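Let's take a walk through this structure together. Have the sequence and the model open side by side as you read.

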Amino acid sequence: MTTVTAPAAPPGAAASAPKRARGGGFWRYLLVRFLLIFPTIFILVTLVFFLMRLTGDPITASLGDRLTPDQLAERIHEAGYDRPILVQYLEYLGNVFTGNFGSSITDGRPIVDILLSYGSATLELAIYALIVAFIVGIPLGMVAAYFRDRWGDAGLRVFAILSYATPVFFAGLVLKLIFSVWLKWLPVAGRASTRTEIKLQSLDHQTGIYLIDAIRTGSGAAVGDVLAHAVLPALALGLLTAGVFLRLVRTNVIGTLSRDYVDAARSRGVGEYRLVRKHALKPALVPIITVIGLQIALLLGGAVLTETTFEWKGLGFQLAYYLSKRDFVAVQGIVALLAVIVALTNFIVDLVAAILDPRVRY
Amino acid sequence: MASVSHKTRVLAAMTIPVTAALVLAGCASDSGDNGGSEGSSIIVGTTDKVTFLDPAGSYDNGSFAIMNQVFPFLMNSKPGTSDVEPDIAESAEFNADGDYEVTLKSGLKFANGNDLTSSDVKFTFDRVIAINAENGPWALLGNLDSVETPDDTTVVFHLKNGNDQTFPQVLSSPAGPIVDEEVFSADAVTSDDDIVKGEAFAGPYTITSYKFNELVTFAPNKEYQGILGAPENDDVTLKYYADSSNLKLDVQEGNIDVAYRSLSATDVADLRGQDSVEVVDGPGGELRYIVFNFDTMPFGAKTSDADPAKALAVRQAIADVVDREEIAEQVYKDTYTAVYSFVPQGLTGATEVLKELYGDGSGGPDVDKAKERLEAAGVTVPVELNLQYNPDHYGESSADEYALVKDQLDASGLFTVNLGSTEWTQYSKDRTADVYPMYQLGWFPDYSDADNYLTPFFATDNFLLNHYSNAEVDQEITQQQTEVDPAARQKLIEDIQAKVAADLSTLPLLQGAQTVVVGTDVSGAVLDGSFKFRFGTLTKG
């Protein structure tokens, strides 16, 4: 992402000339950004392919204590894992380019099915986490800016550092200990209670996003149950990003509050609250949009640990499981999808930032 | 005044959404929907995983746990015993040719209405062998030559080695669930969805809803006519967990009724002290050993100072010194028990031969005896031992287990142990390549028969490849496999154990205990030597 402030236009330049230049530049910028998606995914998928093979093969992992070396070698040969790694790699690339992700070695499930089944759970968690990040990070950032260099500001800055420096699994365990085990306010784990899950399973054409499915059941208890299960995972993952948002909003609001137009508004008698909310916050939110792209990658990385801690059966949860089984095919498929999501999100963010912020250089 | 008001508004903007979320969560919690079951419905939690529902495609605890509820077997064991008897069969016995002949009950049906005949039985076993799936149970059918079906209710299993006394147990093993030939594929593993949609179930339960490795709901199958009888509950829901601590918390809080496999030793110890649950123990089939490589261990055949008598003295002295009780108690909080037999307690043929031969004679260590043994053999002490274990395959407590073994051996003054660990993939290759003179091994049985603890370990060219060979043991192993008289067979099994106890090719340390945790209002949890946990006996209230 290169959001560099453009130099001031030379005096006397025709107003229409730069406009035409910007139009062509915009599309070229868009094209370059789009094309960059492919090497990004390619590099990631390649890395995963080779790294997975450094950790051994799935046949030895599952049958190593039962078969003799000869039997094991025969099985490995049948599966083709003893072929030159470059041959395997080229075959894999060929399959990926033709949209054939194959089936998992462990349980024979088509990778596309796995991505669809568990992707919705991860998407739901990521949305909840982003909501938490917004409703915690942005207001607190405004508060910190408002109380700049006072105790409130110092406290919030410490909170911000803690929230993005604390490992997400640790935050999850602490939250679970306090709110589930000690206070018994919230469920320990899972996406819903067993009874609600049974209710959701009875629906035709489930979306996999539990909140939507729970609403479709027409049961308020089911909706409440699903939301109650989402609170702690969303907090654990959302606070990770909230800290970043808090600091970003604080810095930008402070910067905007010192601008001339804010002073002018203040001198016209505009109240402090209105100044922060109406005049300082909106410009301060633009950088947040550009940061979201990076945060999506962080959220997906955090989702692996959050989903495992809270039994949130999404892509991260499955990724951890298949990694433990050294299931090459499943891990490659999931990582490829995550890479696509991150690359596409960054592309969209760059696009939105370019549209919203005229200072972005094409 | 105005600025105070603005501050309040800013703070309110921040706190309202957070508070609302917590209140909403609180409301949901107060709704009384704590996730527990109602009436005689039972919720069982597990950390096991399913790989395939299709018996031809899987050979693991998680998949077999479901198969035991929904598929019938020709031979099966009633809760409380590991001895098998005809399940959906009317009779089953070896014929004069040494083949195994089974007569099915008449009028058997699958839940989908399809008839269950001898043709389904033949189809079942033929496809396991034909599919030869990577993680399938095909290896268990190594002695099966062919299956013949003279009529709709008769099945003849032609065996390569006739009168194979383990075959009835094989029919009760993961290779034995009978499937519907009209639903299952003959040459490929059938998907879980196809099996569930096809209602291809003829066991005590059918599956009414299925979400892979998340939630499975079972309802009693009216068509089942086997020895397990009709389930005593209305339905069972099986919930899957990834983290055993979440499983523990849920059973402790009453969100589920039963926690079966696998809670950590610490969690089980903690739950024993809780009023809200009851811990039920049973014999486990897992054994944990130290394996000796006869070529590379101290004084082994390929070492510079090779001496079989000294090598034997070293093995026996180690057996004298290790304190199994201490390992079971300190490391595993008694979720494993000390074992002094090569066949685990609970199975026919189990003895305690090692207790009499080594240590203080009652299971405890005896360093003086070990010292005398080594002196008598002319072994200079301390003997340097290279002992290897694996930290990522046999449970997270392996490191503690082997640290304690090292401590015990070092503390005797007779040994100096160099303890090493290797990641599983490499460990699997190294252990059969003579890399480790002594190493850790764990074993889960394929079926509940003593033979499964003897042949793979002590027959010449066994799967350990530790260069142990004893012609008398080989002969008796072959004999017991086909001995039709149960008493004579048991005697042979005991003799084999006496011989291998003297040779000490492996040193069994611990036997896994099965544990299930149930709510105080749940009864009927039975754990036995079949290592099958049946949902049908569970009741609530």
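We start with chain A as a whole, then look at a helix pair and a helix in chain B.

This is a predicted model, in which local features need pLDDT of at least 70 and side-chain atom pairs count only at pLDDT 80 or more, while totals for chains, interfaces and linings use all residues. Residues are numbered from 1 along each chain as its sequence is written, and chains are lettered from A and ligands numbered from 1 in the order in which they are written.

Chain A has 14 helices and 0 strands (DSSP runs numbered from the N terminus: H or I of at least four residues for helices, E of at least two for strands). Of its 362 residues, 43% are buried, that is, with 20 or more other C-beta atoms, placed from the backbone, within 10 Å of their own.

Now find helix H5 (residues 111–146) and helix H6 (residues 151–165) of chain A, whose axes come within 7 Å and cross at roughly 140°. Axes here are lines fitted to C-alpha atoms over the stretch in contact, with angles from 0 to 180 degrees between N-to-C directions.

In chain B, turn to helix H8 (residues 308–321), which has 14 residues. Because 10 of these 14 residues are buried, H8(B) is largely enclosed by the rest of the structure. Among the buried ones are Val314(B), Arg315(B) and Ile318(B).

Definitions and conventions. Expected span 1.5 Å × (residues − 1). Buried ≥ 20, exposed ≤ 12 C-beta atoms within 10 Å, placed from the backbone.
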